[in-house]
Each structure stands twice: as C-alpha cells, then as structure tokens.
Amino acid sequence: MLRIHFGDVDLGRTRLAAAPDPLWEIAASLHRLQSRKGRWAYAGWYRTARQRLRDTGLERRVLSVLLPLYPRAAYFPDFLTPVHARDGFEAGVESILATPPQRVLEEMAILDRTVGAPPWAGQLARLDARKEFVGMLRAYHEAAVAPVEEQVQARIEAERAVRCRGILDGGVEGMLAGLGPMMNWRPPVLEAAYPTQAADRDLHLNGRGITLVPSYFNWGEPVAFADPELPPVLWYSLLHEPDARSAAYGSAHGFAEPGRPLTSLLGRSRAVALYAASAGATTGEIARAAGVSASSASRHATALRDAGLITSVRNGPTVLHTLTRVGAGLLRAASRAADERATSAAGGDTGR
C-alpha cells in the first residue's frame, strides 16, 4: 500500500490534470502489450496497435528495447516518465534528454537490482543514445498512442467533470474521497493500492501538494514516482473502475437519474446511456441502467454513436461504449447547468 500524507497546504495545492501525460501513456500502453490483465477492455486497441507496429517495422525494436525498460514490475526508471511531460510530448522528451547521466546510471542500477536491466541500458547515460531512444519513443507514440488521443482526452474530460462534482459537494477532500476503488481517503492520508510485489511505503507531501493524473492505459493500481524527492504525481486508472460506475448508480436499474437538461435534450433512456458511457459501459449494462431491452439499448447506443457522442469497441460478444470529446463536453455542460439551477433555487429559498 502507498500512503500519501496531506497537510492543509497540500490540499490547497492538489491538482487534477486536464490532459493525458503522453510519456506515462506510452509506459502504460507498453504494459498492456505485456499482460493479458484487462486485455478485454483494450482488445480493439491491442489488435490495431500490434498491426501498426508490424506495418511500420517497429515491432522488433519495441520487443528488444522498449519492453525491457518498461517492465510490468515494481519499478521502472523515473526519468522515463518526467513530470514535465504534463506539458506535452515534446516537453517530456526534452526532459529525458536533459537527464543528468549519473541519474540515468543510478536508476538503471535500481532496475537491474529489481527485475534485471538489459545489458545495454547504461548506454542511455550518453546523450547520443538517448536521442536515438527518444526517436524510438516518438515513433511508438505515433503508431500506438496518438491514434486514440481524442478518445483518451474525452475520458479525461469526463473524469474531470465527475471529480468537479466531488469538489462542489465536499471540497478537495470530497474529490479525494471519490477516487476509489483503488484509493481510500482517511484524512489526512490517501491510501492507494500498490502492486503486490512492491513494498508498503509512505509519501509525505510536506506542502508540495500533488498532481493527480488520470490514465487511459493504466490498469489497476495507481502509480507514483519511486523517488520521494521528485514532485509528487499519482497516475490512476480511468477505465472500468467499479466505484467509478457505482458513483453513478442508485436507481432501481443501476444508474442515478440524469439531470433535467440532459433528459430534456435526449430523452431519459438515451441520457442514461450517455451517463453510463462516462465510466465505460457495455450494451447490457446500459440496458440494465435504463431499464430497457438489450435491443433498445443497442439502438440508443447507435444513435449516440451516430451523433458523435460515444465510441464503441467490440470484444467478442460484448461492446464497450465510452464517451468521445463531444460527449464529454455535453455531459459537462449538462452537469454545470444542473448545478446552476440548484444554486439559483437555493438562493431563492434563502434570500426571499
């Protein structure tokens, strides 16, 4: 378990990222290529990415160079996912190039002690080797990550909309309390599940605050830098978290009733379907949420997809529906309109 210790100042300096961390998404997507865990949720991406890597001649280099440096293990080097990557891919790779050689060697030594580093890993202490490595990262990003950037951004915007409601209801602590199921807020400590092979650890923020970064390709446990002296960042999974769905549950059929603006625009069943897709939902889950038949749920999903509000990925007999950027924007606007109506109503009751 990872225990993150907050002070009052840290609560005021807690941020939720507005965009994906491209270098972290590279790392997490490489983990998806190494594991069958959660494969069903990424089945379409997995097939397409593998084909692109073959078509571009990258597959062998990914297997021989990238995967050994990003193992699905308790550790991989911090300098490969620099904090500056929050400002975009180019800022991130510039940070990798600027990493002091001694730090590269130290982190590669930790990798070697932990799971074993490839024999050539120490060469990355040289700037020319890192430039070649960055070129490989760029090619992999273009082939495997960039094609789903719009979908990733849509999921992050939907996540931010949900977390903003937590802030409105309970401040930053309200947001932290709703981050489950892999995280549990026990003031003043945020407890995060950690990979089973990793030792328990404590991270004291000491007034630095923390940046929470939703991740599309991360599956399961949240991840933080191994070095506690680095700026605090916590990457956590966006997809298929039970509590992310249960936060929207509550009605007899599963999901709470969407707000009036969304229902007026789309109709109740279609509004519920859109609301369900904000956390990722299959056609069957939409049917149960809306209290309609599977065929009706499929028609509602088709209408939302044709309108550009959701995207759908088939995996065998099931279809997973998630929001597009347009769908996330609509959901966010409807949520904001509902909050404004509630605030206006409350003002009227107490002021007159």
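**Stop one: the sheet**

Select His5 and you'll find it opposite His204 in β5. You're in a predicted model, where local features need pLDDT of at least 70, side-chain atom pairs count only at pLDDT 80 or more, and totals for chains, interfaces and linings use all residues. Numbering starts from 1 along each chain as its sequence is written, and side-chain values use heavy atoms, with hydrogens and water left out.

Now colour strand β1 (residues 2-5): β1 and β5 pair in the parallel sense over four bridges. Strands are DSSP runs (E, at least two residues), as helices are (H or I, at least four), numbered from the N terminus; two strands pair if DSSP finds at least two bridges between them.

Show the whole open sheet next: four strands in the order β3-β4-β1-β5, with mixed pairing. β3 (183-186) and β5 (201-204) are at the edges with a single partner strand each, so one side of each has no neighbour in the sheet.

**Stop two: two helices**

Select α2 (residues 22-34) and α5 (residues 89-97): they pack at about 80°, axes 8 Å apart. Axes are lines fitted to C-alpha atoms, for helices over the stretch in contact, and angles run from 0 to 180 degrees between N-to-C directions. The pair is therefore roughly perpendicular (65 to 115 degrees; under 35 is roughly parallel, over 145 roughly antiparallel, the rest oblique). Show side chains: Pro22, Leu23 and Ile26 in α2 meet Phe89, Gly92, Val93 and Ile96 in α5, contact being heavy atoms within 4.5 Å.
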